[in-house]
Amino acid sequence: MPKLSEKKLCTDSDCSHPILIARAVQDYYPGDCRFIPIRQGQLVYVYAMLKDRGNLFWAGSVQDSYYGQQEARIGHFPSSVVEETHPLMPASTEVRTTKWDFYCN
């Protein structure tokens, strides 16, 4: 799978803390396994914001309305399908992406 971007912004060098919580304003059905499906109204925890040519995409995890209904998985999605609701930590660390950021089987 091709890399969407060479760099991403995170809160730390491991991208282990969420930057913000967002709410989906519309449904998103992914084109391939690098992306996560999102339903309107779901909360999304954003862990990374891609830079440069991939700056329209973020990486995050969906929190369903009931814990355990949907397996937690980090994937990419267009930033345009969510609205920021709760900023948590500044995305001030630039991290180089690897092929594993965009790997799926």
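The model is predicted, so local features need pLDDT of at least 70 and side-chain atom pairs count only at pLDDT 80 or more, while totals for chains, interfaces and linings use all residues. Residues are numbered from 1 along each chain as its sequence is written, and side-chain values use heavy atoms, with hydrogens and water left out.

**Exercise 1.** Work out how strand β5 is joined to strand β4, and whether β5 is enclosed or open.

*Solution.* Strands are DSSP runs (E, at least two residues) numbered from the N terminus, and two of them pair if DSSP finds at least two bridges between them. Strand β4, residues 57-63, runs antiparallel to β5 and is joined to it by 5 bridges; one of the bridge partners in β5 is isoleucine 74, which faces serine 61 in this pairing. Buried means under 20% relative accessible area, exposed over 50%, and partly exposed in between, with a 1.4 Å probe and protein chains only. Because 4 of the 5 residues of β5 (residues 74-78) are buried, the strand is largely enclosed by the rest of the structure.

**Exercise 2.** Count the aromatic pairs and classify the one between tryptophan 58 and phenylalanine 77.

*Solution.* Rings of Phe, Tyr and Trp (its six-membered ring) pair if their centres lie within 6.5 Å, and planes under 30 degrees apart count as stacked, over 60 as edge-to-face and the rest as tilted. The count comes to 4 aromatic pairs. Tryptophan 58 and phenylalanine 77 have ring centres 6.4 Å apart and planes at 80°, so their pair is edge-to-face. Since tryptophan 58 lies in β4 and phenylalanine 77 in β5, the pair ties together parts that are 19 residues apart in sequence.
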